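Good morning, colleagues. I should like to walk through selected elements of one model, which will now be shown.

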Amino acid sequence: MSERIVGIDLGTTNSLIAFMEGGTPVVIPGEDGVNLVPSVVALDAANQTIVGNAARKFLIETSDRAIYSVKRLMGRGVEDVHDELKFFPFRLASDLDPGEVIRIHLGEKTFTPPEISAYILRQLKRNAERYFAAPVTKAVITVPAYFNDAQRQATKDAGRIAGLEVLRLVNEPTAAALAYGLDKKKNGIVAVYDFGGGTFDISILKLHDGIFEVIATNGDTHLGGDDIDNLLITIALDEIANEHRLDVRRNGEVVQAVRKAVIDAKILLSSEPSTKLEIELPSGQRYQREITREQFETLIEPVLQRTMAPCKQALKDAGLEADQIEEVVLVGGSTRIPRVRQLVEKLFHRVPHTELNPDEVVALGAAVQASILGGSSEATNNMLLLDITPLSLGIEALGGVVAKIIHRNSTIPASATEHFTTGIDGQTNVAIHVLQGERELAKDCRSLARFDLRGIPPMPAGLPRIEVRLLIDANGILQVSAREQRSGKEAQISVQPSYGLTDDQVETMILESFDYAEQDLEQRQVIEARNEADTILVALAKGRKSPAWSALTESEKREIAEQEQALLEVKDGTDYKKIRSAIDTLNQGTTRLAELMMDTAVTSALKGQSMETVNVGQGPTAPHPIGKAEFE
Amino acid sequence: MTDTSPTAALSIVSDKSTNACWSCGSMRAAHFCQSCGTVQPATPVDYFQFFGLDRNLQLDLAALERDFYALSRKLHPDLHAGDADEQQQWSLEKSSQLNDAYRTLKDPIARTEYLLRLQGVDLDEQSTNATEAARASGTAKKQVVPPDMLEEVFELNMQIEELRMNQKMGASDPDLICQLEEHKASFRQRLASVDKELQAGWLQWDGLLTHSQSGTASDEERKKVIDRLVDILNRRSYIRNLVRDVNDALEAVGA
């Protein structure tokens with residue numbers, strides 16, 4: 001074990017690289033001696049890429065040649081980033097197909113988000129190589145705990161593009177806990193409140209003799225300092241428009257100047273009671289405005305309040321009351337805002353820890369994890385991180401309902417095995433749709449991938465037994481394998497990751513899942529009732545063909561026909577109670593038919609006839625996983 | 001057994017140690033080599049076997065947690081990041097087995113469900129099958145509402161509906177909320193008593209297990225206990241859902 005493994009915090013606003021020096025994690029500074037590398041990538045006039053501080057001036061001078069906050073676009077489809085782009089001066093490539101990874105203009109060229117992130121990673125790598133005077137090829141990279149599969153995959157891709165072997169993706173709040181826990185040989189329950197430039201995470205951990213066991217996590221991958229900036233920018237731009245009769249909203253350079261001014265003001269307001277915004281306008285006029293901390297706090301309160309629901313949900317998922325949290329750790333630049341600290345203190349009834357620099361603590365933790373993976377450091381040889389998956393993994397079942405197979409907050413690696421079968425005789429393919437999210441319906445969850453199981457030996461419908469194993473690895477990334485059990489054949493799988501086929505943002509999914517729980521349940525009940533209606537209608541159609549049918553009286557037949565008609569009339573409606581009641585009526589009306597059919601089935605089986613021909617029906621024959629009994 | 005290729009040799013060794021250890025009750029050596037720490041390939045074992053446990057429903061949770069941590073320290077992929085690809089894959093498989101097993105066994109309900117599945121009870125298909133079976137036989141679907149709760153559940157549904165209507169109209173009815181709170185308390189109480197029943201069921205099962213080892217428990221007795229556990233779980237799930245419904249309804253009006 002000779003080569004150093006570095007730890008990287010690939011942040012929305014700033015990125016850092018750190019490593020374990022002896023028993024202490026340290027951040028490696030850039031050539032300019034600064035630890036923070038702004039996550040800004042620019043193209044200069046000679047089409048050379050420039051990263052970090054030097055790239056920042058391009059934002060103001062030639063804003064179409066610089067990109068910032070690219071992390072918000074990682075692993076997302078065109079449909080996902082639509083709202084995002086209202087606030088960012090990025091131009092998407094115009095020739096994007098739906099489902100394609102997005103590409104953004106930088107000067108005349110276009111790049112995908114992983115490529116742009118890779119420029120940042122490359123810069124960090126260079127900084128480390130200069131520092132060590134040796135090549136660096138292995139890294140641990142941090143991601144928001146609430147990142148989904150696609151976002152994680154995109155981050156891993158970025159590492160690969162930058163020439164780094166990404167040994168592990170670590171969740172940012174967990175990394176922070178590692179950095180804090182390094183010298184505190186403590187046991188107990190810790191909460192990490194990570195409010196950064198673009199994302200918010202809350203994680204609750206149990207510390208036990210060097211084991212860091214995450215028990216619950218929640219968050220919002222689109223909630224951060226950027227949202228606070230955007231509020232201030234909107235106000236400033238509106239006021240400029242009103243007072244100076246000057247609409248600069250489309251002027252990228254001025255917007256960036258405003259952005260810089262409001263960020264400076266925001267930072268000052270963490271220590272000063274008031275500050276002044278001053279912006280020079282292209283007209284030569286000057287926009288000036290005084291902001292007090294009080295005004296600022298009132299303005300941003302709604303943004304800060306959005307962090308509270310994930311915190312409460314994480315506590316609930318962990319089965320804990322706020323009082324049971326023994327320590328609270330603050331991470332991310334936005335936690336420098338005094339009002340944020342107040343809110344956290346109030347929620348957990350604890351003064352939060354701020355000993356470590358909130359900008360650096362994640363990178364330091366990544367270095368600790370790198371050392372654990374390297375396995376050669378005394379300081380970390382007793383430490384082990386047991387992380388969890390932030391989102392539930394499910395499979396689309398009959399009627400667009402999601403059957404959850406790995407629940408959120410499960411320790412990773414985690415796996416689940418599901419069985420599928422065919423619906424048509426001789427069918428050799430089965431399509432499976434994997435989703436991530438908490439909502440009940442597939443259309444409201446994030447589509448991760450569609451799998452096509454091929455090469456199933458032709459068999460009568462329902463006979464093949466295809467075992468699909470889904471495994472979430474220690475990076476939080478999904479792996480899939482499948483096998484047909486009757487023939488023992490390994491089924492071929494082609495994986496099609498789906499970017500943005502469903503455009504719901506993951507975090508809004510969670511929040512919405514509470515708002516819409518009722519609506520979901522109703523839709524689900526309608527779908528289930530319809531499925532049941534189809535089952536009984538199919539069974540009835542079969543019954544009509546069976547010898548048992550002729551044994552019914554004319555009036556019985558008429559009654560059944562009326563009941564069938566009644567069911568057909570309500571079946572496509574949205575009132576599941578009506579569908580259910582029509583099913584029950586028809587069910588009762590066909591009792592005697594079913595009994596007669598059972599008799600004939602027995603008789604014909606004795607005659608050596610196949611049961612198949614008199615089968616009462618297996619229900620809808622589309623492939624579907626065997627549903628789980630809910631004992632929640 | 002003349003094949004001496006490295007992989008073959010490895011698999012023979014692991015098979016031996018696996019067998020040896022299951023018989024002595026310790027699973028350690030089946031998971032990793034006790035002298036060099038190398039992770040062994042994953043073998044299909046049930047969650048109880050994974051921890052070297054008998055299929056008892058009463059479990060020492062503190063001991064389970066200790067075992068979970070101790071095994072994590074041997075099996076987790078973070079500790080095998082420098083190993084050959086094949087061994088990394090083994091560590092991934094083993095550690096996912098470990099996590100799945102721990103998650104299932106530490107939770108009393110998941111544990112009971114899992115045990116019932118091992119005993120051949122198909123909980124998954126129970127509700128679907130009940131519908132299908134009812135249809136096929138032409139009988140009405142088996143009623144899952146515990147008979148002694150019918151009245152209360154009926155009343156509850158009416159009240160929840162009323163609460164929703166009130167909310168839509170912007171009206172509030174403190175009495176109604178009060179009544180719902182009472183239902184909630186009563187369901188909670190029922191839940192607690194079902195949990196007691198469950199524990200009694202565990203005791204029965206574990207007793208049976210001890211007997212069956214001495215060969216005195218009959219299949220009939222076993223079936224009886226299994227049926228009882230299934231019934232308890234069904235009732236528990238029903239009551240849990242009621243508690244959830246009341247909670248949701250009350251939360252929706254901010255009570």
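**Strand pairing and packing in a predicted model**

I begin with chain A, where strands β19 and β22, the latter covering residues 430–436, pair in the antiparallel sense over three bridges. Two strands are said to pair if DSSP finds at least two bridges between them. Helices (H or I, at least four residues) and strands (E, at least two) are DSSP runs, numbered from the N terminus. Within this pairing, A:Gly394 has A:Leu435 of β22(A) as its bridge partner.

Some conventions are in order. This is a predicted model, in which local features need pLDDT of at least 70 and side-chain atom pairs count only at pLDDT 80 or more, while totals for chains, interfaces and linings use all residues. Residues are numbered from 1 along each chain as its sequence is written, chains are lettered from A and ligands numbered from 1 in the order in which they are written, and side-chain values use heavy atoms, with hydrogens and water left out.

To return to β19(A), residues 393–396: four bridges join this strand to β20(A), residues 402–406, and the two run antiparallel. A:Leu393 is bridged to A:Ile406 of β20(A). The two strands form a hairpin with five residues between them, and A:Gly399 in the turn has a positive phi of about 80°.

I turn next to a sheet in chain A. It is open, has three strands in the order β6-β5-β7, and its pairing is antiparallel. Which strands lie at the edges? They are β6(A), residues 49–51, and β7(A), residues 66–68, each of which pairs on one side only. Direction ignored, neighbouring strands of this sheet are turned by 20° against each other on average. Axes here are lines fitted to C-alpha atoms, for helices over the stretch in contact, and angles run from 0 to 180 degrees between N-to-C directions.

Strand β5(A), residues 40–43, is joined to β7(A) by three bridges, and it pairs with β6(A) over three bridges as well. A:Ala42 has bridge partners in both strands: A:Ala66 in β7(A) and A:Ile50 in β6(A). A:Val40, for its part, stands opposite A:Tyr68 in β7(A). A:Val40 and A:Ala42 point one way from β5(A), whereas A:Val41 and A:Leu43 point the other way; all are buried, meaning under 20% relative accessible area with a 1.4 Å probe and protein chains only. In a regular strand the side chains alternate between the two faces of the sheet. β5(A) and β6(A) also form a hairpin with five residues between them, in whose turn A:Asn47 has a positive phi of about 60°.

Two helices lie across β5, β6 and β7 of chain A. Helix α1(A), residues 53–61, runs at about 70° to β5(A), and helix α3(A), residues 113–132, runs at about 65° to β6(A).

How do α5(A), residues 172–181, and α11(A), residues 361–374, pack, and at what angle? Their axes are 7 Å apart, at an angle of about 80°. The two helices are therefore roughly perpendicular, a class covering 65 to 115 degrees. Residues of the contact (heavy atoms within 4.5 Å) include A:Leu178 of α5(A) and A:Val368 of α11(A).

Finally, a note on confidence in chain B. Its pLDDT, the predictor's confidence in each residue from 0 to 100, averages 76, and 76% of the residues score at least 70. Over residues 1–25 of chain B, pLDDT stays under 50. Where pLDDT is low, the predicted coordinates should not be read in detail.

How values were computed:
Angles under 35 degrees count as roughly parallel, over 145 as roughly antiparallel, 65 to 115 as roughly perpendicular and the rest as oblique. Buried means under 20% relative accessible area, exposed over 50%, partly exposed in between (1.4 Å probe, protein chains only).
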